[in-house]
Amino acid sequence: MTPKIELHLHLEGAAPPAFIRGLAAEKKIDLTGVFDARGHYAFRDFGHFLQVYEAATEVLQTPDDYRRLTRAVLEQSAENGVIYTEAFLSPDFCGGRDLAAWRDYLAAIREGAAEVPEVEMRGIVTCIRHFGPDSARQTALCAAETAGDFVTGFGMGGNEAIGSQGDFAWAFDCAREAGLGLTTHAGEFGGPESVRQALDDLRVTRIGHGVRAIEDDALVDRLAEDGIVLEVCPGSNVVLGLYPDIRRHPIERLRARGVALTVSTDDPPFFHTTMEAEYAALNAAFDWDESLFADIARTAAQAAFCDATTRQRLLDRLDA
Ligand code: ADE
Ligand code: ZN
């Protein structure tokens with residue numbers, strides 16, 4: 001199996017439905033509306049997706065729940081040949097942005113990660129855009145206080161329709177000063193201008209999605225020239241309705257224009273996908289072959305928020 005590197009994975013969004021149902025049963029929590037009749041996560045559109053996502057996270061109430069979640073998620077990554085993953089971690093859901101609580105959750109997440117040695121994991125602490133800039137500041141402080149060998153990045157997800165990237169500049173500056181790598185969701189539901197704002201106002205080196213940059217030629221050139229790396233999640237974009245099918249997805253056009261890109265799953269069970277399924281779909285739609293997938297993995301290793309020793313170890317494993 002091709003060794004893979006995944007840079008864009010929301011920890012809660014990767015929770016297998018059976019895992020969430022199991023915790024709900026243990027805790028007697030009613031999850032009506034979260035799943036459809038077949039047991040899949042059920043949502044109509046992006047706004048509803050975010051609501052269902054947050055409803056499902058209500059069963060995750062203790063550090064040990066997060067230890068078990070991390071283990072379950074990484075076991076799936078390992079089955080897909082993932083050797084390194086960066087997961088978005090949310091102090092909002094892990095102790096309500098309280099630093100002492102966040103430290104406990106983080107320790108438990110690291111324990112869960114250590115239980116799956118096949119996959120090396122790093123955490124990108126993530127603020128949630130629709131929770132607003134004040135929450136983002138508190139989240140950034142949690143990130144800065146715990147920055148180190150495991151928490152290596154800071155990012156932002158959530159509803160791109162609310163506010164602007166620049167509203168969160170304080171949080172990103174705080175994270176940058178703590179030495180964290182920076183990424184933000186942009187060019188998913190926001191157009192190309194949201195990608196420009198991410199570059200100008202938050203000075204990120206990676207963009208979560210970023211695919212709608214394709215609507216602006218000069219921006220595509222800028223991404224290519226500046227080596228900005230896109231964390232592209234094709235299956236997510238199709239299920240959330242950005243593109244009618246993968247053939248219409250701009251990933252191949254962005255690649256042909258010289259934009260550095262990587263492939264991830266975002267929230268795999270929500271989008272009925274896995275890393276293997278993403279690779280298979282790209283092969284079927286665009287004839288991407290093993291050598292191109294090897295390039296993608298090397299780009300991901302180069303863009304990973306990790307230290308030089310780890311990066312070299314990843315590159316050596318990819319070349320082996
Ligand atoms: N949170 C989880 N998945 C997300 C996505 N695809 N976009 C924005 N926020 C998210
Ligand atoms: Zn995402």
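Reading the surroundings of ligand 1

Tutor: In this predicted model, a nitrogen atom of ligand 1 has a backbone N or O atom of Gly 158 at 2.8 Å. Residues count from 1 along each chain as its sequence is written, chains are lettered from A and ligands numbered from 1 in written order. Local features need pLDDT of at least 70, side-chain atom pairs need 80 or more, totals for chains, interfaces and linings use all residues, and side-chain values use heavy atoms, without hydrogens and water.

Student: Which side chains place a polar atom by a nitrogen atom of ligand 1?

Tutor: Look for N or O pairs within 3.5 Å. Here Glu 188 has a polar side-chain atom 2.8 Å from a ligand 1 nitrogen, and for Asp 266 the side-chain N or O atom is 2.7 Å from a nitrogen of ligand 1. The protein covers 97% of the 260 Å² of accessible area (Shrake-Rupley, 1.4 Å probe) that ligand 1 has on its own.

Student: Which residues are around ligand 1?

Tutor: Take those with a heavy atom within 4 Å. They are His 10, Phe 46, Phe 49, Tyr 53, Gly 157, Gly 158, His 185, Glu 188, His 209, Asp 266 and Asp 267.

Student: Which helix gives the most to this shell?

Tutor: Helices are DSSP runs (H or I, at least four residues) and strands are E runs of at least two, numbered from the N terminus. Helix α2, residues 46-57, gives the most, with three residues.

Student: How much of residues 3-319 is helix and how much strand?

Tutor: The span is 48% helix and 15% strand, and its end C-alpha atoms lie 10 Å apart.

Definitions and conventions: Polar contact = N/O pair within 3.5 Å; in protein donor to acceptor, adjacent residues only side chain to side chain.
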